[in-house]
Amino acid sequence: MPSPTSDSNASDVGADALTRPSVLVVEDNPDTGLLLCTLLDEVDLDPVLVHSYDEALKQTNGRKFDLLLLDINLGSSRTGIELLTELRTHEGYADTPAIACTANVLSRDTPDWFSEAGFTAMVAKPFSFDQLFSVINKQLGRPDRSAQA
């Protein structure tokens, strides 16, 4: 028979996962991806990290994420823009908030340009913790905790 402590922990984990918004993080750089997921976890989000277009499609097959955080340059022949275009055709993802995350900001890479590509927001690398979470909180309709700190 399981101990009350393990039952309690199991139900706490289940309840926690139900209340924390899920975030699909698509980032080809393993170090950057790990850092992003660590930071997201610290602010009561439930991140899932993948490193490629194909991995992202596998994760979204049968699972609905509350937010998409997509690197634009995935280091392969596919981009975050192509991934979002594909995901927008999947059931449940037509209106999912999607944040473009890019280090290669060109003159054409304005928030309007990313909006036309289907993103609801963008952050340019390098970004600060406060910048990232301000955008995330806005996309999720959460209070902007970074402004309160």
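User: Which residues sit on one side of β3 and which on the other?

Analyst: Quick heads-up: this is a predicted model, where local features need pLDDT of at least 70, side-chain atom pairs count only at pLDDT 80 or more, and totals for chains, interfaces and linings use all residues. Residues are numbered from 1 along each chain as its sequence is written, and side-chain values use heavy atoms, leaving out hydrogens and water. Strands (E, at least two residues) and helices (H or I, at least four) are DSSP runs numbered from the N terminus, and buried means under 20% relative accessible area, exposed over 50% and partly exposed in between, with a 1.4 Å probe and protein chains only. Both faces of β3 are covered, with buried residues on each: on one side Leu 67, Leu 69 and Asp 71, on the other Leu 68 and Leu 70.

User: Which residue in β4 is the bridge partner of Leu 70?

Analyst: Strands count as paired if DSSP finds at least two bridges between them. β3 and β4 run parallel and are joined by 4 bridges. In that pairing, the partner of Leu 70 is Ala 100.

User: What is the handedness of the crossover from β3 to β4?

Analyst: To judge it, point the strands away from you: if the path from the first strand over the helix to the second runs clockwise, the crossover is right-handed. Here the chain leaves β3, passes through α4 and reaches β4, and this β-α-β crossover is right-handed.

User: Is β1 largely enclosed or open, and how many of its residues are buried?

Analyst: Ser 22, Leu 24 and Val 26 point one way from β1, while Val 23 and Val 25 point the other way, and all are buried. β1 is largely enclosed by the rest of the structure because its buried residues number 5 of the 5.

User: Which residue of β2 stands opposite Leu 24?

Analyst: β1 and β2 pair in the parallel sense over 5 bridges. The chain gets from β1 to β2 through helix α2 (residues 30-42), in a right-handed β-α-β crossover. In β2, the residue opposite Leu 24 is Val 48.

User: And in β3, what does Val 26 pair with?

Analyst: β1 also runs parallel to β3, with 4 bridges joining them. Setting aside neighbours within four places in sequence, the contacts of Val 26 (heavy atoms within 4.5 Å) include Val 50, Ala 56, Leu 74 and Leu 83. The bridge partner of Val 26 in β3 is Leu 70.

User: What is the relative accessible area of Cys 37?

Analyst: Cys 37 is in helix α2. Apart from neighbours within four places in sequence, Cys 37 is in contact with Val 25, Pro 47 and Leu 49. Cys 37 counts as buried because its relative accessible area is 12%.

User: Where does Asp 44 lie, and what is its phi near?

Analyst: Asp 44 lies in the loop between α2 and β2. Asp 44 counts as partly exposed because its relative accessibility is 43%. Its phi is positive, in a residue other than glycine, and is near 65°.

User: Is the peptide bond from Lys 125 to Pro 126 cis or trans, and what is omega near?

Analyst: Pro 126 is in the loop between β5 (121-124) and α6. The bond from Lys 125 to Pro 126 is cis, with omega near -5°.
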